[in-house]
Amino acid sequence: MTEIFESTGQALLYGVVGLAVMAVGFIALDLVTPGKLYHVVWTDRNRGAAVLLGSQSVAVGLVIMKAIEASESEQGLGYGLVSTLLYGLAGVLVMTVVGIVIGVFTPGQMGAVVLDDQDSRPHPAAWVQAGMYLGTGFMVGAAIS
């Protein structure tokens, strides 16, 4: 029974680290998109912004999952939590840089284009950017494992 409580505690700690990394990911995405992301998604109900945020959340979750898997070592829980945090933050950084670089090579300001909902449909660029976030998450996840 002690092992169950210990594993539950570890899961909670990894969950806190994952939540912190997701919060940093949200802030990073907010910095590279026009307007306040929270307002754009929940108040304006912008579908393009929701597509970006959802895909980025899945990608960050994938990186965190791979970081947790890679952290299982004899070095202890503290080491695992720190390595998960650092790998997760590295993933957010790479995703943000990829988003900025893609924006340089596309017409218009990428952040503004992806938020351009027409007829209640996200701009196709939102789906492209979402794919980039997911692809980057898979890349970083593979590099970790």
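A: What follows takes up helix 6 and then the remaining parts of the chain.

This is a predicted model, in which local features need pLDDT of at least 70 and side-chain atom pairs count only at pLDDT 80 or more, while totals for chains, interfaces and linings use all residues. Residues are numbered from 1 along each chain as its sequence is written, and side-chain values use heavy atoms, with hydrogens and water left out.

Helix 6 covers residues 124-144. Helices here are DSSP runs of H or I with at least four residues, strands are runs of E with at least two, and both are numbered from the N terminus. At 1.5 Å a residue, the 21 residues of helix 6 should span 30 Å, and the end C-alpha atoms are 31 Å apart, which agrees. The expected span is 1.5 Å times one less than the number of residues in the helix.

The buried residues in helix 6 are Ala 125, Ala 126, Gln 129, Ala 130, Tyr 133, Thr 136, Gly 137, Val 140, Gly 141 and Ile 144. Seen down the axis of helix 6, these residues fall within an arc of 155°, so they line one face of the helix. The arc is taken from the directions that run from the helix axis to the C-beta atoms. Buried means under 20% relative accessible area, exposed means over 50%, and partly exposed lies in between, with a 1.4 Å probe and protein chains only. On the face turned away from the buried side, helix 6 carries the exposed residues Pro 124, Trp 127, Phe 138, Met 139 and Ala 142.

An unreviewed UniProt entry lists residues 12-29, 49-68, 80-105 and 125-144 under "transmembrane region". UniProt positions are in the numbering used here, feature names are shortened, and annotations may be inferred rather than shown by experiment. Over residues 125-144 the chain is 100% helix and 0% strand, with end C-alpha atoms 28 Å apart. Over residues 12-29 the chain is likewise 100% helix and 0% strand, and there the end C-alpha atoms are 25 Å apart.

The chain as a whole has 6 helices and 0 strands, in the order α-α-α-α-α-α along the sequence. Its C-alpha trace spans about 55 × 30 × 20 Å along the principal axes. Of the 145 residues in the chain, 37% are buried.

Ser 71 is buried, with a relative accessible area of 2%. Helix 3 (residues 47-71) also holds Lys 66 and Glu 69, which are 3 residues apart and therefore separated by about one helical turn. Their side chains meet in a salt bridge at 3.3 Å, N to O. Glu 69 is partly exposed, at 42% relative accessible area. A salt bridge is a side-chain nitrogen of Lys or Arg within 4 Å of a carboxyl oxygen of Asp or Glu, and by this rule the count comes to 2. In the pair formed by Asp 30 and Lys 36, the N to O distance is 3.7 Å. Asp 30 is buried at 15% relative accessible area, whereas Lys 36 is exposed at 58%.

Arg 45 sits in the loop between helix 2 (37-43) and helix 3. Its phi is near 55°, a positive value in a residue other than glycine. Most residues other than glycine have a negative phi. Arg 45 is exposed, with a relative accessible area of 64%.

Leu 89 and Met 22 are 67 residues apart in sequence and 8.9 Å apart in space, C-alpha to C-alpha.

Leu 93, Val 97, Ile 100, Val 101, Val 104 and Phe 105 make a nonpolar surface patch of about 610 Å². Patches are made of residues with over 30% relative accessible area and no salt bridge, joining like charges within 9 Å and nonpolar side chains (Val, Leu, Ile, Met, Phe, Trp, Tyr) within 5 Å. Accessible areas come from the Shrake-Rupley method with a 1.4 Å probe, and for residues only the protein chains shown count as cover. Phe 105 is in the loop between helix 4 (77-104) and helix 5 (110-114), and is exposed at 68% relative accessible area.
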